[in-house]
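Trainee: Good morning. Could you take me through this structure step by step?

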Amino acid sequence: MTTGMTEQPRAVDDLKDNSYMSEAITLASLARGHTSPNPVVGAVIVQDGTKVGVGYHERFGTAHAEVNALSQAGDLARGATVYVTLEPCCVWSNTPPCTDALIAAGVARVVAATEDPNPDVAGRGIEKLRAAGIDVDVGVLRKEAEQLNAPYIKFRHTGLAHVVLKLAMSLDGRITAPPGMPRWVSCDESRRAVHVMRSEADCILIGIGTVLADDPLLTDRREEATARQPARLVVDRNLRTPLDSALVETAREIETILACTAGADADREAALTKRGVTVWRCAEAASGVDLREVLSRLAADGKLAVLCEGGSHLASSLLSEGLADRVAFFVAPKVYGPECVPAFSDLDGDWWVDSKRLSNVSWVAIKDDLLIEADVVAGDEACGEGAPGSGEETCSPDS
């Protein structure tokens, strides 16, 4: 009887902790695309079962989530519990340490979803709070919080940008339509979803083949789109991007980068830079431009979340080289036939068997299309909890 009485309150607290942390994660997600190279973070402050303050890190260089929530809570923060999606920072950057603000506010408890992989923090924020007499719990909705900050976490662990590989394809895996048919594989609603993805990315990545075939603009063109647009980067070994292309003509308004190799024509580079294009000369790899160097330079430039909208060659290279972290495939109810371009033209033949797997698979219907999303993980890592081979269900429909 006594054991039951001691366990029940803990279960209730767990439910409340999950609920408040879920709200903090939702708040954090509002800032996707606006905080890099910082993480997205949300915070909720609760006093005696009542929310007294909420906040999130709205954009790079502005106040952090905890500070915004404390400002809203005021004196009600004293003795309260703070739910935050990432370990509070304990070092000065563009803003003062959040640990100092929490200690000064007199909060009683901090619940953090996950530790901060920043080596300047990495548990020190938690230690500082505990040393000040604040109860700290870590790990509530850890998986969800880490998924939210996947670009930031990858950067901290590898120094590379995080890549979501987006492709629109027919049922038979073709990404171009037959001659005479509409060029768009997916429906209007799916293309709108892609514009949302663009709004949450720091950079859109494509290959020169896509530029020559489609002359894309690669912007978020929804009515509710903000003025902020992601950068555009073209993998263009020989600088073949036309000077009158949509990307070059808008390069002074939207950051545009071309990644070429040492052999690219210098006069061509001068003509492009004169029009506002930034040219990166990168090492050469078997597949063309060294993509690892491209992702390293993007991360160093503060662009951590990359959405790849390239064609079959770039998609195959990213997967074969282990540089794609997540896939987002829009599958349309169409059959185009073998004469159309396949999604993967030269994917390493051993990729599926020996090298990579997909996990955390989900799908959702978008009108007549199906959006399938999944994480790309190394073969050894894919056999963990909830991954293929683990005996656990990995596919969960969203609708």
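Mentor: A definition comes first: helices (H or I, at least four residues) and strands (E, at least two) are DSSP runs, numbered from the N terminus. This is a predicted model, in which local features need pLDDT of at least 70, side-chain atom pairs count only at pLDDT 80 or more, and totals for chains, interfaces and linings use all residues. Residues are numbered from 1 along each chain as its sequence is written, and side-chain values use heavy atoms, with hydrogens and water left out.

Trainee: Where is Leu218, then?

Mentor: Leu218 is in the loop between α8 (208-214) and β8. Its phi is positive, about 65 degrees, although Leu218 is not a glycine.

Trainee: Is Leu218 buried or exposed?

Mentor: Leu218 is buried, with a relative accessible area of 3%. Buried means under 20% relative accessible area, exposed over 50%, and partly exposed in between (1.4 Å probe, protein chains only).

Trainee: What about Asp48?

Mentor: Asp48 is not a glycine, yet has a positive phi of about 55 degrees. Asp48 belongs to the loop between β1 and β2 (50-56) and is exposed, its relative accessible area being 72%.

Trainee: And which residues does the cis peptide bond join?

Mentor: The cis bond joins Ser36 and Pro37, with omega about 10 degrees. Pro37 lies in the loop between α1 and β1.

Trainee: Changing topic: how do β3 and strand β1 run?

Mentor: Strand β1 (residues 42-47) and β3 run antiparallel, joined by 4 bridges. Two strands pair if DSSP finds at least two bridges between them. Val46 stands opposite Thr81 in β3.

Trainee: In what sense do β3 and β4 pair?

Mentor: β3 pairs with strand β4 (residues 109-112) in the parallel sense, over 4 bridges. Arg109 in β4 is the bridge partner of Thr81. Together with helix α3 (residues 98-105), β3 and β4 make a right-handed β-α-β unit. A crossover is right-handed if, with the strands pointing away from the viewer, the path from the first strand over the helix to the second runs clockwise.

Trainee: Which residues cover the faces of β3?

Mentor: Thr81 and Tyr83 are on one side, Val82 and Val84 on the other, and all are buried.

Trainee: How many aromatic pairs are there?

Mentor: Rings of Phe, Tyr and Trp (its six-membered ring) pair if their centres lie within 6.5 Å; planes under 30 degrees apart count as stacked, over 60 as edge-to-face and the rest as tilted. By this rule the count is 2 aromatic pairs. Tyr20 and Tyr83 form a tilted one, 5.2 Å centre to centre with 40 degrees between the planes. Tyr20 lies in helix α1 (residues 2-29) and Tyr83 in strand β3 (residues 81-84), so the pair ties together parts that are 63 residues apart in sequence. Both Tyr20 and Tyr83 are buried.

Trainee: Finally, what is Ala231 in contact with?

Mentor: Ala231, found in strand β8 (residues 231-235), counts as buried at 4% relative accessibility. Leaving aside neighbours within four places in sequence, Ala231 is in contact (heavy atoms within 4.5 Å) with Asp202, Cys203, Ile204, Glu255 and Lys303. Ala231 and Leu205 are 26 residues apart in sequence and 8.7 Å apart in space, C-alpha to C-alpha.
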